[in-house]
Amino acid sequence: MAASDRVALGPLVGSIDQGTSSSRFLVFNAKTAELLSHHQVEIQQKFPKEGWVEQDPKEILKSVYECVERTCEKLQQLNIDITNIKAIGVSNQRETTVVWDKITGEPLYNAIVWLDLRTQSTVERLLKRIPGNNKSFFKFRTGLPLSTYFSAVKLRWLLDNVEEIRQAVDNGRAMFGTIDSWLIWCLTGGKNGGVHCTDVTNASRTMLFNIHSLDWDPELCQFFDIPMEILPKVRSSSEIYGLMKICPSLKSGALTGVPISGCLGDQSAALVGQMCFQDGQAKNTYGTGCFLLCNTGQKSVFSEHGLLTTIAYKLGRDKPVCYALEGSVAIAGAVVRWLRDNLGIVKTSQEIEKLAAEVGTSYGCYFVPAFSGLYAPYWEPSARGIICGLTQFTNKNHIAFAALEAVCFQTREILDAMNKDCGIPLSQLQVDGGMTNNKVLMQLQSDILCIPVVKPSMPETTALGAAMAAGAAEGVGIWSLNPGDLTAVTCERFEPQINPEESEYRYARWKKAVMKSMGWETSEAPSNVISIVSLRIESTED
């Protein structure tokens, strides 16, 4: 590529996309939205006890640095001038909770991941303090039900159970944040002047944030007994938060001085990346979990059917806040990872599509992957995963197919709830996320919903959304969000290929399986007691 071609590319925007299963850094052309290069590093998830899910905040940070470094190297190999990167956006797994020491810069415990269930007893204890044990008591203030899912109960658990964190709070050294806060603080200098902030979309997932006043709510902080001084400053989703600082692990220091100017929770970022800026526009993201968001504009709409009210975005300090209804499914891509890592049915995630395609049916087998209870529309923490309808004929192909079908059925449930709440059924579903590369899944989804599924040819919409917010920020101004300036997106369409009667029959069977998964776990007896007791009996008989 000649030097003149490099200049013609114009300004570029980098995007950090820190998800549950991996970190990525992607670079886009601000004028055309073209993805120029990226790098991805898988993140280790730790399961120290049943229902516990943790990650190492330092590993997350290191993976982000590595992705930045590798992507910059790839751009240089393409003869693209990295000094053209004028802004960086951050998109992140939401709710995942980190507490660190602002003096040493060290995390005080592993990050507790959004999927984690250890806080069930904390939730039950807090519920007893609410009139009528009403888990929706704070819904009109926060948009959320009281659940293990959100950050406040994770933070409460850390304060109750980790002495080091209690001491750090008492000594005025503790900082709390979701993954965006941890990354921005580290990337802007860490213990040497790092910026402690979050954006409205991430704050709205903590259960400590008032989605109307757009600030931390003193009464909620008092209810959860969270000291407000450890909370980050809440900013809009598109403004300059701080500048990238040199990191010892970055050989090039390539992006030093580049503003970090966009921040969106991953699902909000995907909504922006899919350009769902009008009321009633919706998207469904297939990642570790599955998340359907519908833009409700400047009005917060409260669901009667188990959906969450959340902040979609606020694209500038002086710009209006927009809200969304959200249907959250805990386990989507995670079920494929479970089949790969726990059961060893496949060696790579891609093989699931091949296995499912070979049979084209689950042969009456239904899989409810309620590994972390059931999220929307049930909010049933007592549920656990089940596979039912097994016969001697069932093999791993049928289970692979049933796993993909489970993702589609869960989406159908939240889409049904969304249609009831909005009153206007979606005529098609816009989709994105890693799992949308699976064509069997996309066709199944269209069949089960009985509407077309539309996938953009560039599926990295989460990273694109964060890049758009960063490039459009005041003081950067290289990405126009005016509807007329947005690039038209080419798409792949999947049309329903089965008759609605068959779809309804399969969906009814799925609902029957869901009912059987509920009420499985109780908090009365510690888990594994029975198996431990039986092991002891066997060992004494020897």
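Predicted model: local features only at pLDDT ≥ 70, side-chain atom pairs only at ≥ 80, totals over all residues.
Seven of the nine residues in H11 (residues 333–341) are buried, so I noted the helix as mostly covered. Helices here are DSSP runs of H or I with at least four residues, strands are runs of E with at least two, and both are numbered from the N terminus.

Residues are numbered from 1 along each chain as its sequence is written, and side-chain values use heavy atoms, with hydrogens and water left out.

A nonpolar core is a set of buried Ala, Val, Leu, Ile, Met, Phe, Trp, Tyr and Cys residues joined through side-chain atoms within 4.5 Å. The largest one has 139 residues, and Leu146, Phe224, Tyr286, Leu404 and Trp479 touch the most other members. Helix H13 (residues 396–422) gives this core its largest share, 14 residues. Apart from it I found another core of 39 residues, with Val64, Val68, Val98 and Ile179 among them.

I then looked up Phe224. Contact means heavy atoms within 4.5 Å. Not counting residues up to four places away in sequence, Phe224 touches Leu126, Leu146, Ala152, Val153, Arg156, Met207 and Leu208.

Is Ser91 buried or exposed? It counts as buried, because its relative accessibility is 0%. Ser91 sits in strand E5 (residues 85–92). Leaving aside neighbours within four places in sequence, Ser91 is in contact with Ile16, Asp17, Gln18, Leu264, Asp266, Ala269, Thr462 and Ala466.

Last, the whole chain. I get 17 helices and 23 strands. The radius of gyration (over C-alpha atoms) is 23 Å, close to the 24 Å from the globule rule (2.2 Å times the number of residues to the power 0.38) for 542 residues, so the chain is as compact as a globular protein of that length. Along its principal axes the C-alpha trace spans about 70 × 60 × 50 Å. Of the 542 residues, 60% count as buried. Among contacts between residues at least 6 apart in sequence, 72% join residues at least 24 apart.

Terms used. Buried < 20%, exposed > 50% of the residue type's maximum accessible area, 1.4 Å probe, protein only.
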